[in-house]
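Take a walk through this model, from its overall layout down to single residues. Keep the coordinates open as you read.

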Amino acid sequence: MHGLMQDHPLLISTLIRHAAENHGRREVVSRLGDGSIHRTDYATIEQRARRLARALESRGIRSGDRVATLAWNTYRHVECFYGVSGHGAVLHTVNPRLFHEQIAYIIRHAEDRVLVFDADLLPIVETIAPEIGCVERFVVLCDRSGMPQSERLKLEAYEDWIDGADDDYTWPNLDERAASSLCYTSGTTGNPKGVLYSHRSTLIHALSASQADGFSLSGLDAVMPIAPLFHANGWSLPYACPMVGAKMVLPGHHMDAGSLFELLSTEGVSFAVGVPTIWTMLLTYMSEQGATLPNLGRCLVAGTALPPAVQKSLKDVHGAIAIHAWGMTETSPIGTVGTPTAEVDTLPEVERAVQLLKQGRVPYGVEIQVRDSQGGIAPRDGETFGPLWVRGSWVASGYFKGEGGAVLDADGWFPTGDVATWDRYGYMKITDRTKDVIKSGGEWISSIDVENAAMSHPKVALAAAVSAFHPKWDERPVLVIVPKAGQQLTREELLEFLTPLMAKWWLPDDVVFVSEMPMTATGKILKAKLREQYWHRLA
Ligand code: AMP
């Protein structure tokens with residue numbers, strides 16, 4: 001017997017329709033390319049997204065067709081999230097920081113028919129244009145007066161599309177399992193692979209993300225996604241904010257600490273989201289300026305491990321809680337969130353803080369397993385490391401066009417490529433990427449733990465621990481350090497500082513000081529490059 005409840009499909013268009021009807025005047029603030037501030041609201045965004053959908057329809061873009069964006073965090077990009085997916089097409093958000101060959105590859109692989117991009121990214125588009133024959137239309141996110149000149153491409157202005165479209169488009173009733181958006185993994189090895197989300201997975205992920213033990217979002221929040229909208233669905237914020245009627249504050253491509261601080265402060269941001277390097281940069285800037293952010297209540301830190309120093313200074317100086325989360329493009333992205341359970345909340349302050357430095361626990365809808373070396377389940381002792389597996393309603397079941405073959409095991413678990421521990425409170429802690437683990441004399445050393453310890457030194461800006469070949473132990477850790485500007489630090493000083501913080505055999509065999517780290521397009525340290533560089537350092 002079926003229940004007698006209404007059955008409405010979970011569609012992305014319903015989010016913006018809800019926001020327009022119930023939070024129509026709630027602001028969406030953007031910093032544009034020229035640095036000026038633009039203000040709009042959800043009612044206007046919904047109307048313009050419908051016009052975009054009409055414009056796509058009238059140009060023959062149908063359900064399932066891919067439309068790519070190469071764009072920063074602004075209201076126009078948010079409109080694309082709704083206009084494209086709401087119409088039934090698939091929004092393919094492309095990371096402009098990838099190598100040009102990778103950008104061309106993923107656009108070709110996705111067979112994008114339209115490429116919508118920010119004007120300052122024209123040089124990339126012109127460079128790759130000969131390799132992306134699938135793209136029929138090049139649309140610049142600006143009005144006619146802001147159009148850049150191109151001798152090679154026929155460009156169209158986004159605002160002409162919007163102005164020229166009727167207002168009478170109604171959102172179609174789609175299958176909630178239909179594909180809605182596409183993100184490629186950064187692919188540090190091999191070609192990037194496409195993760196294809198559905199309306200349904202996106203909606204239930206956003207419902208979970210906004211819960212109190214997730215981002216704890218409400219209509220009272222002003223939210224700043226510093227993490228790019230093109231990375232893993234913008235960590236759900238383009239969906240979760242309209243869902244609850246939170247104000248959005250979008251920094252565009254102005255990612256320097258001064259510009260970010262100004263927006264955080266003048267727009268009264270209460271919740272901001274970014275990778276640890278962004279927080280480190282902002283905290284350094286604010287301490288130099290003697291500035292604080294009294295409205296900032298919560299900061300979501302994810303992408304790489306939350307350094308204890310960031311957790312501490314957010315709390316001590318700004319009174320803000322750092323919420324540590326773990327996820328991947330393949331998990332929409334939320335896998336775990338480090339909010340306290342009742343048990344953890346009553347731990348003594350120091351233990352509580354240490355517990356909340358872990359990557360956290362699963363929300364309803366995700367399951368995780370840490371496995372041992374025999375493939376069984378690792379004990380929940382917070383010590384035994386093993387590969388982390390995940391499954392759930394917003395976890396990928398495979399990659400676009402079957403790339404990489406069958407990825408799930410027989411029970412539907414997805415191998416994350418991360419190594420983790422889990423503990424009796426249910427908290428998971430990432431100790432490494434599988435390929436970054438340092439295997440010394442058959443035992444594993446967590447590069448992340450070594451890095452976090454090093455990052456707690458006041459003169460250290462960035463730290464990376466990588467394995468180097470060792471004739472006796474196979475591998476030993478080498479620590480690569482970027483000191484803070486104007487600071488002098490010696491190998492001996494740092495090793496002495498680390499000695500009480502870790503087991504003796506975890507202590508790095510050498511320390512290398514560099515002025516810059518090689519970074520990936522998503523702001524992570526490119527460990528593979530460092531490993532290659534320092535592999536023979538101890539031989
Ligand atoms: P991406 O698909 O680009 O989002 O990368 C996902 C990977 O980033 C994960 O598999 C982890 O290796 C890493 N990652 C994400 N969040 C964290 C975190 N909080 N701590 C450590 N590593 C993380």
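A residue is called buried when its relative accessible area is under 20%, exposed when that area is over 50%, and partly exposed in between. By that cut-off Asp 418 is buried, because its relative accessible area is 6%. The model is predicted.

Begin with the division of the chain. Domain 1 covers 12-27 + 40-198, and domain 2 covers 438-534. Taken over C-alpha atoms, the centres of domain 1 and domain 2 are separated by 41 Å.

Next, the charges. Side chains of opposite charge can pair when their charged atoms come close. A search of the whole structure gives 37 salt bridges. One of them joins Arg 54 and Asp 168, with 2.5 Å between the closest N and O atoms. Is Arg 54 buried or exposed? Arg 54 is buried, because its relative accessible area is 18% and the cut-off for burial is under 20%.

A second salt bridge runs between Asp 409 and Arg 371, whose closest N and O atoms are 2.9 Å apart. Both residues are in loops: Asp 409 in the one between β17 (386-392) and β18 (414-422), Arg 371 in the one between β16 (366-370) and β17. The pair links distant parts of the chain, 38 residues apart. Asp 409 counts as partly exposed, at 22% relative accessibility. Arg 371 is buried, at 11%.

Return now to Asp 418. Its salt-bridge partner is Arg 433, and the closest N and O atoms are 2.8 Å apart. Here the pair connects two strands, with Arg 433 in β19 (residues 428-433) and Asp 418 in β18, 15 residues apart. Arg 433 is partly exposed, with a relative accessible area of 30%. Asp 418, as noted, is buried at 6%. Elsewhere, salt bridges with shared partners join Glu 27, Arg 39, Lys 247 and Glu 267 into one network.

Turn to the rings. The whole structure holds nine aromatic pairs. Trp 505 is partly exposed, at 37% relative accessible area. Trp 506 is buried, at 13%. Ring pairs also link Phe 81, Tyr 82 and Tyr 239 into a cluster.

Some rings carry a charge over the face. Arg 59 lies over the face of Trp 161, 4.3 Å from the ring centre. Lys 193 lies over the face of Tyr 399, 5.1 Å from the ring centre.

Now a helix. Which residues of α11 (residues 308-318) are buried? They are Val 310, Gln 311, Leu 314 and His 318. Seen down the axis of α11, these buried residues fall within an arc of 105 degrees, so they line one face of the helix. An α-helix has 3.6 residues a turn, so residues three or four places apart point the same way. The cover over the buried residues of α11 includes α10 (276-289), β13 (298-301), β14 (321-327) and α13 (349-355). Just after α11 comes Gly 319, with a positive phi of about 65 degrees.

Further along is the loop between β14 and β15 (334-337), which holds Pro 333. Ser 332 is in the loop between β14 and β15 as well. A cis peptide bond joins Ser 332 and Pro 333, with omega at about 20 degrees. Ser 332 also has a positive phi, near 75 degrees, although it is not a glycine. Ser 332 is buried, at 3% relative accessibility.

Glu 111 is another non-glycine residue with a positive phi, near 55 degrees. Its place is the loop between α4 (100-110) and β5 (112-117). Glu 111 counts as partly exposed, at 39% relative accessibility.

Finish at Ser 208, in helix α7 (residues 199-210). Ser 208 is buried, with a relative accessible area of 11%. What does Ser 208 touch, not counting residues up to four places away in sequence? Ser 208 touches Gly 214, Pro 363, Tyr 364 and Trp 394.

Conventions. Residues are numbered from 1 along each chain as its sequence is written. This is a predicted model: local features need pLDDT of at least 70, side-chain atom pairs count only at pLDDT 80 or more; totals for chains, interfaces and linings use all residues. Side-chain values use heavy atoms; hydrogens and water are left out. Rings of Phe, Tyr and Trp (its six-membered ring) pair if their centres lie within 6.5 Å; planes under 30 degrees apart count as stacked, over 60 as edge-to-face and the rest as tilted. Buried means under 20% relative accessible area, exposed over 50%, partly exposed in between (1.4 Å probe, protein chains only). A charge sits over a ring if NZ of Lys or CZ of Arg is within 6 Å of the ring centre and within 35 degrees of the ring normal. Domain bounds come from an automatic or database domain assignment. Helices (H or I, at least four residues) and strands (E, at least two) are DSSP runs, numbered from the N terminus. The arc is that of the directions from the helix axis to the C-beta atoms. Contact means heavy atoms within 4.5 Å. A salt bridge is a side-chain nitrogen of Lys or Arg within 4 Å of a carboxyl oxygen of Asp or Glu.
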